[in-house]
Amino acid sequence: MSTLAPDRAVGAETTSTNRQPKAVWAVAFASVIAFMGIGLVDPILKPIGEQLHASPSQVSLLFTSYMLVTGVAMLITGVVSSRFGAKKTLVAGLAIIIVFAALAGLSDTVTQIVGFRAGWGLGNALFIATALATIVGAASGGVARAIILYEAALGIGIATGPLLGGVLGGISWRGPFFGVSVLMAVALVSIVVLLPEGPKPTHHTSIAAPFLALRHRGLLTVSLTALLYNFGFFTLLAYTPFPLDMGTYAIGFIFCGWGILLALSSVFLAPRLQRRFGSLPMMGLSIALFAADLAVMAAFAEHKPVLIIGTVLAGLFLGVNNTLITEAVMISAPVERSTASAAYSFVRFAGGAAAPYLAGKLGEHSIALPFWVGAACTAGAVLVLLAGRAALAHIDDHASAPHSVAEAEAITVGD
């Protein structure tokens with residue numbers, strides 16, 4: 001899961017963003033709904049497994065299929081948007097989500113839901129990869145305000161997704177899927193009506209560009225770091241509801257707390273720590289603290305209060321790291337920012353797609369083992385980052401310089 005870096009490492013303005021064109025608010029609203037999908041299914045994982053007679057590893061495939069397709073689809077989002085334009089790409093992504101979310105709600109087996117979540121991942125990739133560029137291009141008040149607005153949308157979506165999933169899941173496990181479909185339909189109408197057609201794209205992106213970009217050691221280092229800590233992240237997200245063994249409302253509130261801390265640390269804490277200590281030290285420290293958090297959860301896996309506190313506290317570490325590592329992606333290699341983001345998202349999501357299934361499978365044998373594996377993989381991310389630090393030594397110099405509008409428009413997220 002990644003947030004994007006603010007438009008400035010030296011601190012973005014936090015002035016009001018209320019005076020924005022309607023088109024900006026339409027895309028921001030749709031972004032909130034899209035990011036809700038990250039944690040929406042957490043509260044209903046156990047009900048789905050119980051009512052459809054599926055094991056934890058089978059249910060965790062809801063995350064695996066979603067992540068795998070999202071990661072692979074990131075390779076084509078630049079190709080699509082550079083040929084058809086931002087508005088058509090946004091509308092296509094929303095339409096795909098509407099259809100597949102509704103189909104997931106109509107499913108009768110876990111296998112069907114897993115397949116429809118894969119389709120959902122395609123739509124989410126198309127939408128998310130285009131949303132920021134659209135907000136930056138249409139917003140008033142400069143790039144910094146546009147990115148603050150986008151990060152606010154991301155944070156609201158991540159925090160409210162589990163809460164909405166808990167409320168609707170309390171009625172039926174099908175409720176969250178239908179809820180997303182309805183809300184996305186509203187978002188689609190708002191974008192069709194309020195977002196004007198942009199100029200026809202003049203530059204076409206090659207599908208091979210992300211693979212070529214990974215030849216740069218800095219970008220490869222950051223991508224592999226994210227791949228490894230994503231094992232810990234998705235162990236937390238996809239597996240923790242099972243040992244917690246609580247109701248949908250309780251799970252929803254717990255992961256809502258996680259999302260709130262993630263959003264606050266991403267927007268407010270990360271820039272301050274970066275200014276004082278630098279990007280690489282804070283990335284390494286936040287990942288190491290997350291690994292320690294998972295290790296504590298493993299050691300006390302049978303104690304629910306420890307799991308609850310560990311889950312919520314993880315949002316603090318993940319928020320700081322996600323902001324810093326995404327900015328590092330943008331300046332880690334001499335390639336277009338959109339290309340760097342596509343390569344990074346492909347590695348971390350497509351490669352990390354096995355994590356939810358692995359966690360569920362291990363959890364069927366030992367309640368603590370998934371957390372131990374997640375902690376080990378996350379600790380491995382710190383080692384990869386340290387090993388490649390020479391190729392990333394320049395990122396703080398670049399981070400202190402103001403970014404251009406073109407750079408900001410190219411930043412994308414895959415979560």
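Me: At what angle do helix α12 and helix α13 pack, and how far apart are their axes?

Reply: In this predicted model, helix α12 (residues 279–299) and helix α13 (residues 304–330) pack at an angle of about 160°, and their axes are 9 Å apart.

Me: What makes α12 roughly antiparallel to α13?

Reply: Angles over 145 degrees count as roughly antiparallel. The angle here is about 160°, so α12 is described as roughly antiparallel to α13. The crossing of α12 past α13 is left-handed. In the contact of α12 with α13, 17 residues are nonpolar, five are polar and one is charged.

Me: Why are α9 and α15 called oblique to each other?

Reply: The axes of helix α9 (residues 217–239) and helix α15 (residues 354–363) cross at roughly 60° and come within 8 Å. Roughly perpendicular begins at 65 degrees and roughly parallel requires under 35; α9 and α15 are therefore oblique. Their crossing is right-handed. Among the residues making the contact are F231, F234 and Y239 of α9, together with P356 and L358 of α15. The contact of α9 with α15 comprises eight nonpolar residues, four polar and no charged.

Me: How do you know whether T89 is buried or exposed?

Reply: Buried means under 20% relative accessible area. T89 has 1% relative accessibility, so T89 counts as buried. This residue is found in helix α4 (residues 86–105). Leaving aside residues up to four places away in sequence, T89 touches V80, S81, L126 and T130.

Me: What does the side chain of T89 reach at 2.8 Å?

Reply: The side chain of T89 reaches the backbone oxygen of G85 at that distance.

How values were computed
Residues numbered from 1 in each chain as written. Predicted model: local features only at pLDDT ≥ 70, side-chain atom pairs only at ≥ 80, totals over all residues. Heavy atoms only, no water. Axes fitted to C-alpha atoms, helices over the stretch in contact; angles between N-to-C directions. Helix = DSSP H or I, 4+ residues; strand = E, 2+ residues; numbered from the N terminus. Parallel < 35°, antiparallel > 145°, perpendicular 65-115°, else oblique. Left-handed = near helix turned anticlockwise from the far one by under 90°. Nonpolar A, V, L, I, M, F, W, Y, C, P; charged D, E, K, R; others polar. Buried < 20%, exposed > 50% of the residue type's maximum accessible area, 1.4 Å probe, protein only. Polar contact = N/O pair within 3.5 Å; in protein donor to acceptor, adjacent residues only side chain to side chain. Contact = heavy atoms within 4.5 Å.
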